[in-house]
Amino acid sequence: METLSRTPKNANLEKYGLQNVKANWNLDGETLQKLTVEKGMGKETENGTLCVNTGKFTGRSPKDRFIVKDDYTADKVWWGRINKPIDSTNFNKLYDEVVGYLSNKEVYVRDAYVGAAPEYRMNVRTITEYPWSNYFIKNMFIQLRDEEIENFEEEWVVLCAPGYVAKDPEAFGIRAGNFSILDFTRKVALVAGSAYTGEMKKGIFSALNLILPIERNVLPMHCSANYGEYGDTAIFFGLSGTGKTTLSADPNRKLIGDDEHGWTADNIVFNFEGGCYAKVIDLTEEKEPDIFRAIRPGALLENVVFKEGTKEVDFSDSSITQNTRVSYPINHIDNIQVPSYGKNPKNIFFLTCDAFGVLPPVSKLTPGQAAYHFISGYTAKVAGTEAGINEPVPSFSACFGEPFMPLHPTKYAEMLSKKMTEANVNVWLLNTGWSGGPYGVGSRIKLKYTRAMISSILEGELEKVDYEQHPIFGLHMPKYCHNVPTELLDPMNTWLQKGAYISKAIQLAHSFHLNFDKFINQASDEVINGGPLIDAHQIMDHHV
């Protein structure tokens, strides 16, 4: 085992409290895969891809996520339902419990970094109980060259012990036996009781989402990004199901990354990660060719099911979870930007899947509107498909990534507005949801139309057309877009009954206002005024 590892000079785990451990340092993927299979922790698919089951937890557990409240974080973090506090005493007790549990065991250590731009990289040492957890970090963090390992010095440490479960959670000030905790003073991300690998990834990126804006004047973003042949970067924000991964995968542009990025003061947009972590439920080569082809040796599949009697994955099988996943190094995608950063951001896209059929398919936002919609992070979910129950449900996630944002959302929005203005960036709201009525009545906006809108924007064509203002949301809608039916551009035109449209639009506008109430005391007038307008008289006058 030792001959296969790459060990740094400071290979001492006792400084973390770990005693008598057998440490496997920086093992290559083939060795980690072999160990996982030999230990009965995973299987190989027909093409040799490693496949594991994460057990009880097949997704993050947001109710069990905590941040240590101390002198560093007390006045910085937006405490509440998302960012729950734990005191240093309880964290230290849990930390000691976990290192005691890992002591006298075999562990797997990986030295890597996050942040593709060299001046913003952060060195992270990850210590895992399972070999396949380490395999995930190999895929998702940025790997070191052999010559970098010897003198590696970590800035943060991730400790991952899925097998440890707190027996008396209340004694430690937590809710359950599993937990994910960040300590910004000790610079430790502690994950225990859950084998879901995304807890490690999101833990360290949540840390960056506080450190970068506070200490480095960098805006962290939960987004995808790509880079054009003329040297411009496009950024895509969007919650799950809005098309963030699909729309940023453009054969004419190079992918920078698909999930987490930073935007620097000198207008560099850099990927935090070294890989991708994609959903694979109902995956086909026709629908998502890049992801499908990335599933090969070097990738790690989670919670998928084999077709009976075979080693072939049945991607339609959700019997374990709907949240089936694959992690793979970004170089499993052909058309990528190397290294993973771009300059000159020119266009930002906010993607929303509006199942109410209210929002325009494309609209241009003012700085105030951009900040408002960024803080709101709106999309809509379909409540169900039973007969007669077609009412969508609004869903808001601040900054399009609220569970991972330790600061108040207005802090990120203020940074975004400032960078927009300084870099002369255009911000667009794209509705990838319904037109002609809500879910169950209207129809989903065709992907080819959304792609045509993005192409027109990136080529500067929508700078040359006239706009009209949406009477309820105040959004500026283009009157023409190449390869898009003109009647589609104003959503009211696609509804058979204009009164029904107005009623539904006012209903959605109220949802926006109700959601924004919790931010209003810390938002500027410009941002507040960027929200929807709901004056019924003005609405009716506009369409008389």
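**Chat about the model**

Reply: Let's start with E148, which is buried, at a relative accessible area of 18%. Buried means under 20% relative accessible area, exposed is over 50% and partly exposed is in between (1.4 Å probe, protein chains only).

Me: Where does E148 sit?

Reply: E148 is in helix α4, residues 146-149. Helices (H or I, at least four residues) and strands (E, at least two) are DSSP runs, numbered from the N terminus.

Me: And which side chain does E148 make a polar contact with?

Reply: With that of R121, at 3.2 Å. A polar contact is a pair of N or O atoms within 3.5 Å; within protein, one must be able to donate a hydrogen and the other to accept it, and residues adjacent in sequence count only if both atoms are side-chain atoms.

Me: What kind of model is this, by the way?

Reply: It's a predicted model, where local features need pLDDT of at least 70, side-chain atom pairs count only at pLDDT 80 or more, and totals for chains, interfaces and linings use all residues. Residues are numbered from 1 along each chain as its sequence is written, and side-chain values use heavy atoms, with hydrogens and water left out.

Me: OK, holes. How many cavities of 30 Å³ or more are there?

Reply: There are 3. A cavity is a set of points, on a 1 Å grid over the protein atoms alone, where a 1.4 Å probe fits but cannot get out, and lining residues have an atom within 4 Å of a point. Points are joined across faces, edges and corners, and the volume is the space filled by probe spheres set on them.

Me: What's the volume of the largest cavity?

Reply: About 90 Å³. It has 13 lining residues, and R65, S180, K202, G203 and S206 are the closest to its centre. Helix α5 gives the largest share of that lining, 4 residues.

Me: And what lines the second largest cavity?

Reply: That one, about 40 Å³ in volume, is lined by T352, L359, H373, Y378, F400, L429 and F512.

Me: New topic: how many residues does α9 have?

Reply: Helix α9 has 15 residues (409-423), and reaches 21 Å from its first C-alpha to its last, close to the 21 Å expected. The expected span is 1.5 Å times one less than the number of residues.

Me: Which of its residues are buried?

Reply: Among them are P409, Y412, M415, L416 and K419.

Me: What follows α9?

Reply: N424 does, and its phi is positive, near 55°.

Technical notes:
1 Å grid on protein atoms, 1.4 Å probe; cavity = no way out; pocket = protein on both sides within 12 Å on 5 of 7 lines; lining within 4 Å.
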